[in-house]
Every structure is written in C-alpha cells, then in structure tokens.
Amino acid sequence: MTIEYIKANSLMHRMSPIAKLIYVLLTLPLVLIVTRTADILMLLVWLVYTLILWQFGKIRLRYLAKVFRLFLFVCIFIIVIQGFMYARVGLGESQTPLFKLPWSYQIAGGADLGVFTLEGFLFGIMIVVRVITAVCALPLLIMTTSPSKLLDGLTKIKVPFSFAFMLVTAIRFVPMVDATWSRIVEAQKLRAFNIDKMNFIKKAISAYIPITTPLVLILLRQANDLEIAIESRGFGAPEKRTFMEDVGIHAREIAFLAITVLVYAFCLWFKFNTGAFNTATLWVQVLTVYIPMIPQLLPF
C-alpha cells in the first residue's frame with residue numbers, strides 16, 4: 001500500500017489541514033539546517049514528536065511497509081558511500097578508520113576509497129535521519145486528510161485553486177498509478193509473462209515494455225475522463241467558491257500549533273547551543289538512550 005488517505009476517526013483526522021500543513025512546512029527547514037553529526041539529537045527529538053503524532057493519527061507502520069522496504073536500501077547505500085568518501089581533512093577534522101580494504105585509491109578532497117571511517121559513518125547516519133524525518137512528516141498530512149479537505153484548506157489560505165487542484169490530483173494519482181501497475185503485472189502473469197522471475201538485464205531490455213505501454217494508455221484515458229468530469233462541473237468558473245467542511249483554525253488547532261512551535265523552538269535552541277556540549281558524549285546518548293526509545297514509540 002502506498003501513502004494515501006486512510007479513512008479513520010482520530011484526533012489528527014479531525015485536525016484542520018492548515019495546521020498539519022504548517023507542521024510539514026516547519027519540518028522541511030529543520031531538516032535542511034542540519035549540517036553536523038551532533039545535530040542528530042535535534043532531529044531525533046522532532047522524529048519522536050512525529051511518531052507520537054502518528055499514534056494520535058492511527059497511522060500504522062504496515063501502511064508504509066512497501067515504502068520503507070525500498071527506503072532501507074537507500075539508507076544502507078548512503079551510509080556506505082559516506083563511510084568511504086567522507087573527508088574533511090582540510091578543515092582540521094581527524095579521520096578514524098573503522099576498517100580498510102586490501103586496495104587504496106585517493107580521490108579529490110582527501111578521501112581514501114579503501115578506508116571506511118567513523119566520521120563518514122556518523123555523517124551517513126545523520127543524512128539518513130534527515131531523510132527519515134522528512135519522509136515521516138508527510139503521512140501526517142496525506143494519510144489523515146481527505147483530498148477534498150486538503151483542497152479546501154489550500155484554497156482557504158489563498159493558494160490559487162488551479163494550483164491546489166493540480167497538487168491534490170497528483171497526490172491522488174500516485175496510489176492510482178501503483179494500483180494500475182499491480183493489476184497489469186498480475187494480468188501479464190496470467191499470460192505466462194512473469195517479470196519477477198527475470199534477471200536485471202532482461203528486465204531492463206524487454207520486460208517493462210509490455211507493462212508500461214498499457215499503463216501509459218490507461219493513465220491517458222483516465223486523465224481524459226478527469227478533464228471531461230471537471231469541465232462538466234464548471235472548473236475555472238469566476239464565482240466565489242464555498243466550502244462544505246469547516247477547515248479553519250480553532251482551539252484544537254491552536255493547541256496543536258502551540259505544542260509544535262514549542263518543540264520546534266527547543267530543537268532550534270539545541271541546534272545553536274550544542275557547541276557547549278561534548279560531541280562524543282552526545283553520540284553516546286544517541287546510541288544508548290534515544291535510539292532504543294524509538295521502537296517503543298512506533299505504532300505497530
């Protein structure tokens with residue numbers, strides 16, 4: 001199952017999409033300002049807060065199992081690449097080798113592709129946590145907000161309706177493309193065309209043509225049907241739009257945003273005050289205290 005709206009009755013489902021959109025917009029700059037390995041504690045604080053919100057939104061990890069299976073390979077790849085290629089020798093930072101390969105190859109910047117360093121390993125973990133934090137924030141908006149409420153919320157904050165409609169339609173098309181792809185693959189298996197048993201080279205050369213061709217044709221037909229449907233309902237009419245649901249900011253949203261801003265302020269304080277702490281001590285806390293806490297907060 002892809003990331004799509006799950007109908008449920010929870011606190012996050014009842015929350016205004018504007019409040020959840022503000023939360024997502026706050027997450028993005030927080031992820032971007034992380035530049036040091038010591039900043040990982042700041043991200044872990046925000047990630048723990050996100051997982052707590054997952055529980056209030058009744059979001060289960062099984063909804064995202066397919067996404068995280070793919071993401072696991074990306075995480076391992078990032079850590080391995082950074083472990084071998086990270087180098088800041090010119091900035092006065094020492095390198096601590098964890099293990100060495102039988103061969104050695106020096107590249108520009110001072111990194112040795114035959115040496116896996118501790119600093120590169122920690123920097124790779126920092127990048128992975130950045131990506132995980134950003135990815136975990138999106139389901140709180142997409143999986144707990146119906147497309148109609150999201151469209152109304154974007155329109156309410158003066159986003160042009162045509163742009164808001166394109167964004168919501170794109171979000172709805174992602175699970176539609178995935179479901180259509182799965183149906184075509186199953187249909188081809190019934191015709192003795194099993195793509196899962198092919199090797200990588202055969203897949204790249206000839207396997208995807210019998211699948212992508214009907215996929216593109218089906219999507220073009222669905223796009224044409226969507227065009228006819230929205231034009232028949234007066235899309236682009238100059239009249240002022242009305243809203244069927246209340247998507248404004250009330251006491252519940254104010255309390256949520258107040259807590260979010262407090263956590264955000266604490267993260268920023270931690271970001272700009274970690275110079276007074278010992279980096280090694282921070283990493284000991286990360287590995288022994290904070291990381292073991294995360295599985296306890298996962299909403300299985």
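**Close-up views of a predicted model**

**View 1. Surroundings of Leu 141.** Apart from its neighbours within four places in sequence, Leu 141 is in contact (heavy atoms within 4.5 Å) with Pro 17, Lys 20, Leu 21, Val 24 and Leu 150. This is a predicted model, in which local features need pLDDT of at least 70 and side-chain atom pairs count only at pLDDT 80 or more, whereas totals for chains, interfaces and linings use all residues. Residues are numbered from 1 along each chain as its sequence is written, and side-chain values use heavy atoms, with hydrogens and water left out. Leu 141 belongs to helix α5 (helices are DSSP runs of H or I with at least four residues, numbered from the N terminus). Because its relative accessible area is 9%, Leu 141 is buried (under 20% relative accessible area, with a 1.4 Å probe and protein chains only). Between Leu 141 and Met 15, which are 126 residues apart in sequence, the C-alpha to C-alpha separation is 9.9 Å.

**View 2. Thr 144 in the loop between α5 and α6.** The loop that holds Thr 144 runs between α5 (118–142) and α6 (147–156). Thr 144 counts as buried because its relative accessibility is 2%. A polar atom of the Thr 144 side chain lies 2.4 Å from the backbone oxygen of Leu 140. Beyond its neighbours within four places in sequence, Thr 144 is in contact with residues including Tyr 5, Met 12, His 13, Lys 20 and Pro 139.

Notes: Helices (H or I, at least four residues) and strands (E, at least two) are DSSP runs, numbered from the N terminus. Buried means under 20% relative accessible area, exposed over 50%, partly exposed in between (1.4 Å probe, protein chains only). A polar contact is a pair of N or O atoms within 3.5 Å; within protein, one must be able to donate a hydrogen and the other to accept it, and residues adjacent in sequence count only if both atoms are side-chain atoms.
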